[in-house]
Each structure stands twice: as structure tokens, then as C-alpha cells.
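Try each task before you read its solution.

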Amino acid sequence: MALPKEEIKKLILSSIPDAVIDIKDLMGDNNHYSANIKSKMFNGLSKIDQHKLVYKALKGKMGNELHALSLNTEVK
Amino acid sequence: MEIKEKIQKLINENNICLFMKGTPDAPQCGFSMAVSNVLKHLKVNFNSINVLEDEKMRQGIKDFSDWPTIPQLYIKGNFIGGCDIVKEMFENGELKTLLEKKKLI
């Protein structure tokens, strides 16, 4: 099970249109990523809620098709 | 007892509760290992629950906190975060401050 980088970006942008996304494929296996995401939508949200926003954008793929995505979120 | 009640009981009765894959001495996932190592480094007592031993728990905890991954750390009944957030809080000192405020360190 794996999810290509472009698919992750597309999903995130569909819910967080202003997101500036930097994704790294840590192991070259389309399954272990780290992502730095900046968005105005994070303003005023706790870290947990910022990450939850990203997980919701990924529509249930996090923890399923997508095994590992280390998240770093920043306000813009 | 329903899984939700079981989880609520666990996080109420344990000041620091880590739901993880494996155990602190035999972690079965890098993210779970990272969080248990942070707690070991801070020398705090914590209760760990191996979700690999109970599929209902493994799914139940994700529903309970509306958080899709394991590990999950709870302090004084509150969800603190998964590996990313706990590591970030550890690195910027927030985790230690929180533990001090709750008189757990």
C-alpha cells in the first residue's frame, strides 16, 4: 500500500487551498513521508487541530494506505 | 465494558498514559519507540498500553480521540498528541513545562 507524493499534495490542497507544502519521501517507497505545511487556516488552531485538519484532508488515508507521514504545520 | 469506557478509565486512572505499538522495552514501531524514549528520558512514570494485543483497543483509541495513528499520549486525561507533536513539545520545552505544571516531574 502506498500513496504517491502528488496524490497527497492534491488531497491536501483540495481542503487547504492556500497550503504551501514541502513533502519528502523519506525511504523512497511512497509510504514514509515527512511534510511541512504552511497555511492561514492553521491560525488560531492548536497543534492537534492543525494536524487534524491535514488528516481530514487526507480523507481517511492516514494510517491506512498512507503508513507514515510526519507532519510539521506552521501558520502563514 | 465498552472499549470507550475502558479507555476513559485508563486515562483517568493513570497520570501519563501512552497507547503504543509494543512496549517501552520492546517497541514495535519507530514512532511508538520515539515517544516512549522521550518519557524515559524525562524520567517520568507512565503507563503504556500495547494496542497490538487488542484490535478493539487499536481502533477504539483512534475513534476516541479522532486521531488516525498510534502512538497517542495522554496526560491527566487529556490527549497531548502523537509522535510529531510530542517530539516538537519535547524539543521546545513545552512538554517538560506541562509535566511540571501538573506536578508529574
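**Exercise 1. Find the handedness of the crossing of α2(A) and α4(B), and describe how these two helices pack.**

Solution. Keep in mind that this is a predicted model.

Step 1: the crossing of α2(A) and α4(B) is right-handed.

Step 2: the two helices pack with their axes 10 Å apart, at an angle of about 150°. Angles over 145 degrees count as roughly antiparallel, and α2(A) and α4(B) are therefore roughly antiparallel to each other.

Step 3: list the residues that make the contact. From α2(A) come A:Lys47, A:Ile48, A:His51 and A:Tyr55, and from α4(B) come B:Asp84, B:Ile85 and B:Glu88.

Step 4: sort them by class. The residues of this contact divide into three nonpolar, one polar and three charged.

**Exercise 2. Which residues of helix α2 of chain A are buried, and what covers them?**

Solution. Step 1: within α2(A), residues 47–57, the buried residues are A:Ile48, A:Gln50, A:His51, A:Lys52, A:Val54, A:Tyr55 and A:Ala57.

Step 1: look for the cover in both chains. Chain A contributes elements including α1 (5–15), β2 (32–39) and β3 (68–75). From chain B, the cover includes α3 (55–65), β6 (78–81) and α4.

Step 2: take A:Ile48 of α2(A) as a test case. Its relative accessibility is 15%, so A:Ile48 counts as buried, the cut-off being under 20%. Leaving out residues up to four places away in sequence, A:Ile48 touches B:Trp67, B:Phe79, B:Ile80, B:Gly81 and B:Ile85.

Step 3: A:Tyr33 lies 15 residues from A:Ile48 along the chain, and their C-alpha atoms are separated by 19 Å.

**Exercise 3. At what angles does α4 of chain B cross α2(B) and α5(B)?**

Solution. Step 1: start with α2(B), residues 30–41, and α4(B), residues 83–91. Their axes come within 9 Å and cross at roughly 30°. Angles under 35 degrees count as roughly parallel, so α2(B) and α4(B) are roughly parallel to each other. The crossing of α2(B) and α4(B) is left-handed.

Step 1: name the partners. B:Phe31, B:Ala34, B:Val35, B:Val38 and B:His41 of α2(B) meet B:Cys83, B:Val86 and B:Phe90 of α4(B). By class, the residues of this contact are seven nonpolar, one polar and no charged.

Step 2: turn to α5(B), residues 94–101. The axes of α4(B) and α5(B) come within 5 Å and cross at roughly 85°, which means that α4(B) is roughly perpendicular to α5(B).

Step 3: the α4(B) side of this contact consists of B:Val86, B:Met89 and B:Phe90, while α5(B) supplies B:Glu94, B:Leu95 and B:Leu98. Here the classes are five nonpolar, no polar and one charged.

**Exercise 4. Which residues touch the most other members of the largest nonpolar core?**

Solution. In soluble globular proteins, nonpolar side chains tend to be buried together.

Step 1: this core has 52 residues, and those touching the most other members are A:Ile12, A:Ile37, A:Leu58, B:Phe19 and B:Ile75. Strand β1 of chain B, residues 16–20, gives the most to the core, with five residues.

Step 2: Apart from neighbours within four places in sequence, A:Ile12 is in contact with A:Ala19, A:Ile21, A:Ile37, A:Val54, A:Ala57 and A:Leu58.

**Exercise 5. Where do A:Lys59, B:Asp66 and B:Pro71 lie, and what backbone geometry goes with each?**

Solution. Most residues other than glycine have a negative phi, and most peptide bonds are trans.

Step 1: A:Lys59, although not a glycine, has a positive phi of about 45°. A:Lys59 sits in the loop between α2 and β3 of chain A, just after α2(A). With a relative accessible area of 54%, A:Lys59 is exposed.

Step 2: B:Asp66 is not a glycine either, yet has a positive phi of about 55°. B:Asp66 belongs to the loop between α3 and β5 of chain B. At 42% relative accessibility, B:Asp66 counts as partly exposed.

Step 3: B:Pro71 is found in the loop between α3 and β5 (72–75) of chain B. A cis peptide bond, with omega about 10°, joins B:Ile70 and B:Pro71.

Conventions:
Residues numbered from 1 in each chain as written. Chains lettered and ligands numbered in written order. Predicted model: local features only at pLDDT ≥ 70, side-chain atom pairs only at ≥ 80, totals over all residues. Heavy atoms only, no water. Axes fitted to C-alpha atoms, helices over the stretch in contact; angles between N-to-C directions. Helix = DSSP H or I, 4+ residues; strand = E, 2+ residues; numbered from the N terminus. Parallel < 35°, antiparallel > 145°, perpendicular 65-115°, else oblique. Left-handed = near helix turned anticlockwise from the far one by under 90°. Contact = heavy atoms within 4.5 Å. Nonpolar A, V, L, I, M, F, W, Y, C, P; charged D, E, K, R; others polar. Buried < 20%, exposed > 50% of the residue type's maximum accessible area, 1.4 Å probe, protein only. Core = buried A, V, L, I, M, F, W, Y, C linked by side-chain atoms within 4.5 Å.
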